[in-house]
Amino acid sequence: MSGANFLFWVYALAAGGSAIAVVLTQNVVRMAFWLIVSLGSTAGLFFLLGADFVGAAQLLVYVGGTLVLLIFGVMLTASGPFINMKTNPGELVLAGVVGCALLGVILSTTGAVAWDALPSSQHQQKLGFNPPEDGSTLRPLGMSFIGLRPDKDLDRKGTSGQLSTGYLLPFEIVSVHLLVVLVGAAYLARAKRRQGS
Amino acid sequence: MDPQTYQSTGEMLRNLLTLAWLLPLAGFVLEVFAGYWSHRLSRAAAYSAVFCIAAGFVCSFAALMYWGHQTHWSALESHASPADHHDVLKYFSGTYYTLAEFGKLRIAIDYHIDSLTLVMFTMVTLIATMIHIFAIGYMSDELTEHYEDHQVHTAHGHFHRPGRFYMFFAYLSLFSFSMLGLVLAGNVFQVFVFWELVGVCSYFLIGFYFERKSASTAANKAFIMNRVGDFGFLIGLMILWTWFGTFQFNERVESDANGRDVVMPGLFDMLRDDHGNVTVLPANDHDSYARVFLADPGHSGALKHEGHKEGKTMPYFLLVVAGLGIFAGCVGKSAQFPLQTWLPDAMEGPTPVSALVHSATMVAAGVYLAGRFYPMFLPEVLLTIAYVGCITLFMAATIAVVATDIKRVLAYSTISQLGYMMLGIGVGGWTAGLFHLITHAFFKSLMFLCSGSVIHGCHHEQEMPKMGGLIRKMPITAYTMLVGVIAICGLAIPGISIFGIKIAFSGYHSKDAIIATAMTFSQLNGSHFLLFVVPLLGAGITAFYMFRLWFYTFIGQPRDHHVYDHAHESPVVMWAPLIVLSFFAAFVAFKGEAGSLFKLLLDTEPASVAHGLHDVGLAGDLNFPSHVGIEENHKAAGLYALLVAVMGTTLAYLFYGARVLNPAEVKRQFAGVHNFLVEKWQFDILYDAAFVRPVHVIAKWFVAFDRNVLDGFLHATARTAVSIATLDRRFDETVVDGLVNLVGNVTYDAGRSLRYVQTGRLRQYVMFIVLGVVGIWIVMRLFAA
Amino acid sequence: MPALFAADSSIAKFLSDHIGETWGYGLTALIHAVLIIHFFAVAPLFYIWLERKVAGRIQDRLGPTRVGGKFGWLQTLADGIKLIQKEDLCPGAADRFLFRLSPYLVFVASFGAFLTLPWSDGWIAQNLDIGVFFMLAVMSLEVIGVVFAGYSSGSKWALFGGMREAAQVVSYEIPMAICALVPVIVAGTLNMVDIGRMQSGWFTNWFVLHDPFCCLAFFVYFTVATASVKRAPFDLAEAESELVAGFHTEYSGIRWSYFFMAEYASMFAVSGIATALFLGGWYTGIAPIDEGLFASIREVGGSPAEGVTTLGSYVVNLIGMTIFLVKGSALVFFQIWIRWTLPRLRIDQVMTTCLKYLLPISCFLLVGVSVWPLLLNSCIGRTTLVPGEAAALGNKVPRVAPTTTGRKTVAISLTNDHGETIPGILFDPVPITATAERE
Amino acid sequence: MEGVGLTEYLVVAGILFVSGVVCMATKRNAIGVLMGVELVLNGANVNFVAFSRYTKLGLDGQVISLFVIVLAAAEAAVALAIALNFYNNHLTIDVDRGDELKG
């Protein structure tokens, strides 16, 4: 068993196990803890997949930002020191059965496809400036954000034809969207002073 | 003058006059909006109005000076006209903008500039400027948020309204713009448009206090009376258009499709030849009535005449009708017999309006048009004009003798003086009539402003019997008024002249000219001696009633101490214009017929006037005096007129100044005549009986017809519609509504049954989604297999 | 597997050559982990002692003097032994599971950050392409442990501390990341080794002196970093005068010491980032010395030079690491100095400082440093202040440079490590189509 | 065990996804539901990145997953604001209590 495979299993088990733990835990704060473990392990999976930037973004934005926000929300809305909203056991069982059915659907669908037969993009991974073996995974991604696609255009022959499109415009749209959402959230959650009091 | 100078001079004049014409319009727009922008206590509107009209005066005066400089105070003449088939052009005309062309009918904004235009421009803008300035003082009680109108009574006492200071000045500006546009107009249709604009402005201004019933009635009366005259005007326009095919006064050079210059003749060019003569073709075997030859080079199937001109003919009587129609417009506008009744009632407007209406703008428009259109008038029409003027001057003068309202006296005097002008034009004294128009404008505006000053000083008291002795309270007004009175009476010191200049005010010269013309005319046409006698008599009456007014108002003991005690001299903004105007009233006709004003007008005189006409008219028995003939009679006529005027003055002094004679006794002795005169020759009663009552009766008939026949028909229709609608409603209620309700109910029931799925529980929805996905997957598997 | 451990680490090369790739890399990882853990164990000992001495000096007293000789060398060790001996208490109202776990979370986060910290040219645990970003990301995880600690203690003091920490750190992360981006924009890479190498040569090549915006960014960064490791005057989470001890009120013994160690480790981590980004990393700043030292281990043409695995390279790297440690420790000393000099701010002042002042300033700096080369280009005709600086940075990193094409459009082209230009297009819908091919 | 491939990642993603769904379906705490949503998004993200690594999807997968992360942060901010408002109005965070609009 190679190191990467070993790490994959470690992260996969941590991610999946923590996800199941999130479902099973009744305490919201502990749910948040397991969620952190799960998301952190997912970030590890991203690193394994050569998507370093996505993994680091997952850590910075998701784990460091979003989840802190969630915990913040837990604290602000806690009516008791430890929240325990019991779910009806019958519902739990039903949800479990339905979830297993859904998992079955997904797994059977996944298994039904011969993924190995698909054309791989391994050769594209080698394009770029530093080989990915050096951990150089960022530059193609960064260039795609400013409108260049080295992963698609660098191996083209000749000078004719259209270059591939990058992600400059979506990137800007998402940025503006994020700003709008932040303003909106601040507005929604602002302290409301009641009229006349 | 060579063509280049002619062209450049003309363009310079056009530019200046256009500016002077459009400035009041700009002022109007500014003031209307200024009323919204600023508050009601602001005088900004007045200042902008004064600025605009004063700037207009400066432009007009500059134009006049420029004219004088370029022509050395002679005519603007081009000895080589563009098309080179005409010898002399005494005017400069052209087109600003062609609004529309329908076949031959061409509606355009033209201009026509000659010395008459210039003089009118200068006169109108000068007088209007003075009146604007005067009005700043006179209308100052409108500068308030709560104007109390003492003459309007409501259930809660006097009527209150916000002041309309800015609106007044906006109307004044529009009025000036309209009058200037009328003067500048280059075709008769454009004249008509501005004619109506003048009318509507006078309607606004006479009805300025429209809350007062009398004011709104007077405004309506003025408007309706003018419409009667305008009806004739329209008929005249139609005839002209039908036979002449153009509205243009004078010829116009136009490029045809091949790029060649084509001369489109104007009205005057078609009717008159170069010497101002009309060619009349008498009735013969083929034609039962006489015809007039019209030169029209563009006319197809033209007949040759006199060797070089092509043209066509029109019936003589139709041209007479056209002339009478146009003159009917002038009658309405200038308040001539029989449409004179609106003018005294127009005194309901504020006094500056009266001054403007009576001197420079509205009534002047009629005389101006009669003068401008003189070439189109055939001898029969001129005779009619003369008689109308004659009747008017006498009638109005007699009424003025008994009137007691200070403004009404002036109003009737205006009518009377307009009669003089019409008479002057009618008897062939074209220059004399327009000369009197200009001089009269100055002294009449002066007198109206003086009366305005008196009214203002006496707190809106207009009845002369309540005044008297005011010369001690308001000396400036009194003396300036005296200047005007002397001017209108035509007083002079006979026989003495300093450096060859008669010692006389403007009215002496102009009235002299008219009476001289009338005298010559009556000598030439013995049967029309009344045309001389009546104006001569009128001159005496004029002197009598004008001095009556002056003595009544300013001399003697105060008759009403309440009025007298509160009387005061007007502020400087009001008496300053009086001084300026009195200067012009005295000296505008400086040197009389040798003076520059008369010469300027003489430049524009139609070609046919100077040498007189002999044995013209359809009957061939009319003679019109030549300049030479008039000159012979001039001295005698002047003496007669002066004599009569002095007699009138003396009589007035005896009655009202020295009080040797008692006017009350005279009144008692001639009670019937007095009543007849006080009732304004019964014209209002006559019109009431002749027009208003029949109209009422006919209206009653129509009401009855409406009630019985039309209403019955309508009611029957309505009942039918209602019964059909009832049936339709049943159909709607049962069938249509039933269908709609069915759909609605089905939807509603479906919704009700589905509402149980809508539990509001988030978690169940998630379950539904998952179950849905799984279900779809199962179905797909089943069917895929 | 190679993707993970493909650092320039020469130990890994050496070991994988001898005992196979898997075990070689595994052993390398183990060795490095042990080294860093021990660095953690030892460095706080030093820093705590340093803090005590500095505090003493600032407060006009001597500080520890007795334990371990003249300067109180072993005072911290004695404290540590005392802490280990203490009973591991857990309050009754606490969520025991999270209460016990939180110190480890904090500790792990502080630790993880050192994964991409370059100690020397080639001495880096994992030479990630996203090095700076990764460090910031991992350090941001520390706050979770603090919040959990505050929440699970079941004490209102701890809860307040945790809440404050969450609000403060989440806010300060933003200007911190933006300030770190300022030198990154100058360098054009997130790779910390590359950034370090770009600052070789004379100390004028250090990014802190590169342009006015970078210079300002260094000070802003240092301020923000001090706040994000919750050092005074920003230590609201443990404000002992108000909240007893903040989020670690209920902790004692060895778990408490974990928080302490994490704090000092974080201090060094942010100082290390500042050193690598602004202060020339492991270089002395004197061009001849650096050239002499590091030329021997410089990679040539993308492959390691001969002698990379020699003992000499270890010595050179050790010298580099010493320089790096000295620079970092100096910054840590500054943080201690500030702590004992300035009074603590209120929480609202802390938030105001961040959101109303530091954040706009850092945004301005970011924009400024982006516009700077364009400004220079239009003023003096080149994109750097000092001529030839671009050459000193080397061809290792592709440069993004605005160019004006014949069609008067602004395009962006890239130069790769072989000096080829890859044209791209940003503002013109019709692309420029001369595509260089990679060999 | 042989080399890990796409399938294994997809299985992990599936487990994350289903866990998220079940979490959404069972948690009464609104923030718990929110956590379920995050899990679901992460499952999808794992899919994207895995496909970008193993198929021709290339960089697009990474970019999309980045967008998902950023938008999830935005979504969390808004959702949290809604939750706080919900809490202000109902003094509880139980989603089962928010059924005033039920049919």
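These notebook entries record what I looked up in a predicted model, chain by chain and contact by contact.

**Entry 1. Chain D on its own**

I began with the secondary structure of chain D, which holds 3 helices and 0 strands. Read along the sequence, I noted the pattern α-α-α. I then looked up burial and found that 60% of the 103 residues in chain D are buried. Among the contacts in chain D with a separation of 6 or more, 48% join residues 24 or more positions apart.

**Entry 2. Chain D against chain A**

I next asked how many residues of chains D and A are in contact. The count is 65 residues of chain D with 72 residues of chain A. On the chain D side, α1, α2 (30-54) and α3 (59-90) each supply at least two residues. The largest share of that side comes from α3(D), with 22 residues. By class, I recorded 43 nonpolar, 16 polar and 6 charged residues on the side of chain D that touches chain A.

**Entry 3. Chain B against chain A**

**Entry 4. Helix α4 of chain A**

I checked the length of helix α4 (residues 89-112) of chain A against expectation. At 1.5 Å a residue, its 24 residues should span 34 Å, and the end C-alpha atoms are 34 Å apart, so the two values agree. Which residues of α4(A) are buried? I found A:Ala95, A:Val98, A:Gly99, A:Leu102, A:Val105 and A:Ile106. As a general point, an α-helix has 3.6 residues a turn, so residues three or four places apart point the same way. The cover over the buried residues of α4(A) includes α25 (762-784) of chain B and α1 (6-26) of chain D.

I looked up the packing of helix α3 (residues 52-77) of chain A with helix α6 (residues 131-140) of chain C. Their axes are 8 Å apart and the packing angle is about 30 degrees. The crossing of α3(A) past α6(C) is left-handed. From α3(A), the residues in contact are A:Ala56, A:Leu59, A:Leu60 and A:Gly64; they meet C:Phe133, C:Phe134, C:Leu136, C:Ala137, C:Val138 and C:Ser140 of α6(C). By class, this contact has 8 nonpolar, 2 polar and no charged residues.

**Entry 5. A helix pair within chain B**

I then turned to helix α11 (residues 362-372) and helix α13 (residues 406-426), both of chain B. Their axes come within 10 Å and cross at roughly 5 degrees. That angle makes α11(B) roughly parallel to α13(B). On α11(B), the contact is made by B:Val363, B:Val367, B:Ala370 and B:Gly371, and on α13(B) by B:Thr414, B:Leu418, B:Met421, B:Met422 and B:Ile425. I counted the classes in this contact as 7 nonpolar, 2 polar and no charged residues.

**Entry 6. B:Leu524**

Last, I examined B:Leu524, which lies in helix α16 (residues 506-524) of chain B. Is B:Leu524 buried or partly exposed? It counts as partly exposed, because it has 19 C-beta neighbours inside 10 Å, whereas a buried residue needs 20 or more. Leaving aside residues up to four places away in sequence, B:Leu524 touches B:Asn623 and B:Pro625. I also recorded that B:Leu524 and B:Asp621, 97 residues apart in sequence, are 9.9 Å apart in space, C-alpha to C-alpha.

Methods: Residues are numbered from 1 along each chain as its sequence is written. Chains are lettered from A and ligands numbered from 1 in the order in which they are written. This is a predicted model: local features need pLDDT of at least 70, side-chain atom pairs count only at pLDDT 80 or more; totals for chains, interfaces and linings use all residues. Axes are lines fitted to C-alpha atoms, for helices over the stretch in contact, and angles run from 0 to 180 degrees between N-to-C directions. Helices (H or I, at least four residues) and strands (E, at least two) are DSSP runs, numbered from the N terminus. A crossing is left-handed if the near helix is turned anticlockwise from the far one by less than a right angle, and right-handed if clockwise. Two residues are in contact if their C-beta atoms, placed from the backbone, lie within 7 Å. Ala, Val, Leu, Ile, Met, Phe, Trp, Tyr, Cys and Pro count as nonpolar, Asp, Glu, Lys and Arg as charged, and the others, Gly among them, as polar. A residue is buried if 20 or more other C-beta atoms lie within 10 Å of its own, exposed if 12 or fewer, and partly exposed in between; C-beta atoms are placed from the backbone. The expected span of a helix is 1.5 Å times one less than its number of residues. Angles under 35 degrees count as roughly parallel, over 145 as roughly antiparallel, 65 to 115 as roughly perpendicular and the rest as oblique.
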